[in-house]
Amino acid sequence: MGLVRILLPLPRAAARWAPEKGGPLLGAALSYCATPSWAGLPPPSPARRLAWAEEAITAYATTPDTEGLTRAMALRAHALLLLGRYEEAYAAAGEVAGGRRAEALGAGQAADGRGLRVPGAGQAADGRGVQVSGADEVASVRGARVPGANEVVGGRGAQAREVAEEVTAVRDVQACGASEEAAAVRARGGADEVVAGRGAQAGASSGGVVEVAGGVSVAVVAFVGDVRAQALAGVGRGAEAVEVARASVAAYRRLPAPDRRDRALGSLPGALRTYGMLLAEVGRHEESVAVYEECAALLAAMSLRELAHVELVRPQVLAELVGVLRVLGRYGDALGVGPEAREALRGPLAWTVPEIVLPLRVRLLVDLARCHTATGDPAEARACAAAAVTEARKPHGTTELASALSCLADVLAELGQTDKESITRRELAELRDT
């Protein structure tokens, strides 16, 4: 990535002098810079990622490369998510998920003339509400037809599965603060069976990339779904976020072996982690544990090369699993996962992404301290609580300092060390007053 950044002036010059050839080259270089990097490398700031993604959109907008454009739009949505601009991230992701690439092109239709048209605000949307431009309502260059709820996607003679079975409605949902959002597809008995372009695996393109209308790969659709789910959670729409996250997981499950670009966009473990986290947020803890455990097993079976792209997911999954198990009162199970979670939070990750690792480590230590207290081991609880306070005093862990101090004070009270408890609670009160 560093070399590509250094050489960016070259494709920028090429795009100025020969837009038809230099534009795609510049867009690809900028998208590469904005793509989530290997976890072992220090990532660029979200602000830089956003700037690169927006420049890439501008570069692709004058070219017929709709695949590159949709990837750049997806990366822009992800950068907005990282910046905490959840409403904007949700709206940006909705443009990609709904196939509304025309806005970025400044035209009424997508560049290839085959873009999806999403029903506008106030229009009824049913199982056949997504209209596809082009003769005979052809949904993709592979011949996937979408004229009815019971028809199937067919591609190159491959036997296709039924894609609309169990679909009962497509309902319009309003973007937070925006006027219109893409229609969200719902399924009866499991929304994980529904995602934009689902079942299109029969129309796999050369190179193993599954495509839906307008050349958008299912890998991009799945990645955008994960971004949308996290953005919905960020604006307090947890119940909707769960359904979107489930659909994203379903999309990742249907992907063939991803190519290099698709692996960089996102992964099934990452989508499972998002799904498990959101299930816990809405109080569905038992389901959350099942998802986290599936994700942990999947990560454990990965090779070192595969883990390099999802290295950050493993400590997040293990630490969050401990927290959910504690909420359920399964203290023994939580303590069983604890050592592995603590080990996963050590090493290079603590140096490359301390803003993520340190708060996570503090929360893990607090959860372990509470579990030790519940199982009658106050000495070990104190050790974990004290370690949590030490970590929370570091620059990137200060957001969790109040939680760590509160835990330590409770543990000291259990041990009968009232003087130290009083000092700790005084510091906690001063912290909350500032």
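I started with Ala341: leaving aside neighbours within four places in sequence, Ala341 is in contact with Leu318, Ala319, Val322 and Leu364. Contact here means heavy atoms within 4.5 Å.

I'm looking at a predicted model, where local features need pLDDT of at least 70, side-chain atom pairs count only at pLDDT 80 or more, and totals for chains, interfaces and linings use all residues. Residues are numbered from 1 along each chain as its sequence is written, and side-chain values use heavy atoms, with hydrogens and water left out.

**Entry 1: around Ala341**

I found Ala341 in helix H15. Helices (H or I, at least four residues) and strands (E, at least two) are DSSP runs, numbered from the N terminus. Is Ala341 buried or exposed? Ala341 counts as buried because its relative accessibility is 0%. The cut-offs: buried is under 20% relative accessible area, exposed is over 50%, and partly exposed is in between (1.4 Å probe, protein chains only). I also checked Pro315, which sits 26 residues from Ala341 along the chain, with 5.9 Å between their C-alpha atoms.

**Entry 2: helix H14**

Pro315 is among the buried residues of H14, and so are Leu318, Ala319 and Val322. I read H14 as largely enclosed by the rest of the structure, because 12 of its 15 residues are buried. What covers those buried residues? The cover includes helix H11 (268-281), helix H12 (285-300), helix H15 (331-344), helix H16 (349-352) and helix H17 (354-374).

I checked the length of H14 (residues 313-327) too: at 1.5 Å a residue, its 15 residues should span 21 Å, and the end C-alpha atoms are 21 Å apart, which agrees. The expected span is 1.5 Å times one less than the number of residues. Just after H14, I noted Gly329 with a positive phi of about 80°.

Next I went to Ala15, in helix H2. Ala15 counts as buried because its relative accessibility is 17%. Not counting residues up to four places away in sequence, Ala15 touches Gly22, Gly23 and Leu26. I looked those up in H3, where Gly22, Gly23 and Leu26 are among the buried residues. Leu25 is 10 residues from Ala15 along the chain, and their C-alpha atoms are separated by 7.6 Å.

H3 (residues 19-34) passes the length check as well: its 16 residues should span 22 Å at 1.5 Å a residue, and the end C-alpha atoms are 21 Å apart, which agrees.

Leu7 lies in the loop between helix H1 (2-6) and helix H2 (9-17). Leu7 counts as partly exposed because its relative accessibility is 40%.

**Entry 3: cysteines**

How many disulfides does the structure hold? I got 0 disulfides, taking one as a pair of cysteine sulfur atoms within 2.5 Å. I looked at Cys384: the closest cysteine sulfur, in Cys407, is 8.5 Å from its own, too far for a bond. Cys384 is buried, with a relative accessible area of 3%. Cys33, in H3, counts as buried because its relative accessibility is 0%.

**Entry 4: the whole chain**

I noted 20 helices and 4 strands. Of the 434 residues in the chain, 49% are buried. Among contacts between residues at least 6 apart in sequence, 59% join residues at least 24 apart.
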